[in-house]
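Please read each point alongside the coordinates.

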Amino acid sequence: MTPTTFLYTFLLPAFLIYTTFLLLRKKRTPPLPPGPTGLPLVGSLPFLNPSLHTYFTDLSKKYGPIFSLQLGSKLAVVISSSSLARAILREHDNTFANRDVPAAARVLTYGGNDIIWTPNGPTWRMLRRICVHEMLAPHTLDAVSGLRQREIRSTVRHIHARSGTPVDISTEMFLNVMNTVTSTIWSGTLEGDNERESIGKNFKELVADIVDLLGRPNVSDFFPALARFDLQGIQRKMLVLKERFDKIFERMIENKSCDEGKRTKDFLEYMLRMEREEGGDSKIPFTMDHIKALLMDMIVGGTDTTATTIEWAMAELLNKPDLLKKLQEELDQVVGKDKLVKESHLPQLHFLSLVIKETLRLHPPVPLLVPHCPSSPCTINGYLIPEGSRVFINARAIQRDPSQWTDPMEFQPERYLQQGLKRDFNGKDFNYFPFGSGRRICAGIAMAERMVGYLLATMVHSFDWKLLEGEEVDMSENFGIVVKKTVPLVAIPTPRLSKNELYY
Ligand code: HEM
């Protein structure tokens, strides 16, 4: 066979078949979502604005409700419409119920041994069962309502002692929530004003630093091959913070082991028993690392989110004194001025529940949810989301979408009445999901609802609040994995209950 005959008989047809196959395959593979082009190698990293939630909202106006941007070797996909959020969190929930663990979170959570970052699988299911069906279940939380009452009384006493002077509401809310969470976890609390202020401040800074590091763009995440060099020192800083918490955890665990005869009904006791006696699921061992990582989830995931929500609610109410008055009227009617609010009053406080709903609409503390990560390639709205992408669901933008909400930027708790909208926190409504949706929906909703409702009601019922002379409420936001007020809310309380002894 001559070379020419060989070329025409074998090589040319083979070449044609191969190119047709490539073309067909290319045609069948959907494109990536549109987005900024970026630079070679680094993609859009140099242009990344650290205020991700507003940056992503601006980009969605240009590129649409699903767009992508290359951040180093990672592809980020951002979803900003209700229908696409539903596609991801409901229709493809199983595929997207994974996490791409940031290097800093891996350090913090004992190698990703917590609920928030563990991938969808048997270990995550075991941890979630322990948390949601046992420790954070409504019946367990109701059984420890006395702890929350004790903490609320202590906050009321503390603020009363500062009547007529400026009170940092941000710090007070954090201290209360932190004390409530830790006393539920290990029956420990900060006693006395000095301890409350010094250790509480320490904890607040510790959690704030952790939240800040978790929200900071990290080269180790964009170029995983470089993670071991920790170029920005974020993992090193996180390790220091984690070690400080670890010492506290060790001390609490040691105290429990010494008091073995004394059975308390707290979470740590429950988890230690599981670790000792049952070893978790029949198949999955429940280890000391799991215990510590879960403690970390509850402290880091449960305190800042809850305290920030109450602070935003107070800020909105101070901005709209007629709404504050309306809420006080409801409280006076249901509770009376001769008693303190009890948790059992909450179901009757309808306006309070609207205020909380509206706060979580305008100021969802976790505006982009915790990023989801598909376990296999998935096509959404005709675009390919490759396996391992980091998917941000912009809940904040969806909850401010003018096509779904009238006057979306206005704080209007009554809107839920006028529109007959229920807007529950159960994650079934993809126009309103401040706690996320699907398998990875927040594990602490029942606890958050109790803490936010009880504390906000008490603050508004027990005190009148006014801003400092000539000051306005600064509503600017500081982005981190939790979005907080840039300027902490400070206001002056005046007691408003009929008997002074209620404050002691
Ligand atoms: C107002 C308060 C809170 C808000 C707005 C909030 C919001 C959220 C959001 C948006 C997520 C991510 C959902 C997703 O990935 O799609 C989440 C996850 C989580 N939250 Fe909360 N949270 C709050 C309070 C709490 C509390 C009090 C706890 C526990 C003490 C808690 C524990 C968790 C845990 C463990 C997860 C991870 C769930 C998983 O990945 O399976 N949260 N939360």
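1. Overall composition. The chain contains 19 helices and ten strands; helices (H or I, at least four residues) and strands (E, at least two) are DSSP runs, numbered from the N terminus. This is a predicted model, in which local features need pLDDT of at least 70 and side-chain atom pairs count only at pLDDT 80 or more, whereas totals for chains, interfaces and linings use all residues. Residues are numbered from 1 along each chain as its sequence is written, and side-chain values use heavy atoms, with hydrogens and water left out.

2. Of the 504 residues in the chain, 54% are buried (under 20% relative accessible area; exposed is over 50%, partly exposed in between; 1.4 Å probe, protein chains only). Among contacts (heavy atoms within 4.5 Å) between residues at least 6 apart in sequence, 74% join residues at least 24 apart. The chain has an accessible surface of about 22500 Å², and 56% of this belongs to carbon and sulfur atoms; areas come from the Shrake-Rupley method with a 1.4 Å probe, and for residues only the protein chains shown count as cover.

3. Iron site. The protein supplies a single donor to the iron atom of the ligand, namely Cys442 (SG) at 2.3 Å. Donors are N, O and S atoms within 2.8 Å of the metal (3.2 Å for Na, K and Ca); water is not among the atoms, so sites may look incomplete. Cys442 is located in the loop between helix 18 (415-418) and helix 19 (445-462).

4. Nonpolar cores. A nonpolar core is a set of buried Ala, Val, Leu, Ile, Met, Phe, Trp, Tyr and Cys residues joined through side-chain atoms within 4.5 Å. The largest comprises 109 residues, and Phe245, Leu456 and Trp465 have the most contacts inside it. Helix 14 (residues 288-319) gives the most to this core, with 15 residues. A second, separate core has 20 residues, including Ile66 and Phe96. Beyond its neighbours within four places in sequence, Phe245 contacts Phe203, Leu206, Val207, Ile210, Met296 and Ile299.

5. Salt bridges. The structure holds 22 salt bridges (a side-chain nitrogen of Lys or Arg within 4 Å of a carboxyl oxygen of Asp or Glu). In one of them, Arg390 pairs with Asp100, with the closest N and O atoms 3.2 Å apart. Because Arg390 lies in strand 6 (residues 390-393) and Asp100 in the loop between helix 4 (93-96) and helix 5 (103-108), the pair ties together parts that are 290 residues apart in sequence. Arg390 is buried at 13% relative accessible area, and Asp100 is buried at 16%. Lys74, Asp100 and Arg390 are linked in a network of salt bridges.

6. A further pair. Arg396 and Glu477 meet in a salt bridge of 2.9 Å, N to O. Arg396 belongs to helix 17 and Glu477 to strand 8 (residues 477-478), so the pair ties together parts that are 81 residues apart in sequence. Arg396 is buried, at 9% relative accessible area, whereas Glu477 is partly exposed, at 22%.

7. Arg496. This residue is found in the segment after strand 10 (490-495). Is Arg496 buried or exposed? Arg496 counts as buried, at 11% relative accessibility. Not counting residues up to four places away in sequence, Arg496 touches several residues, among them Gln328, Asp332, His461 and Tyr503.
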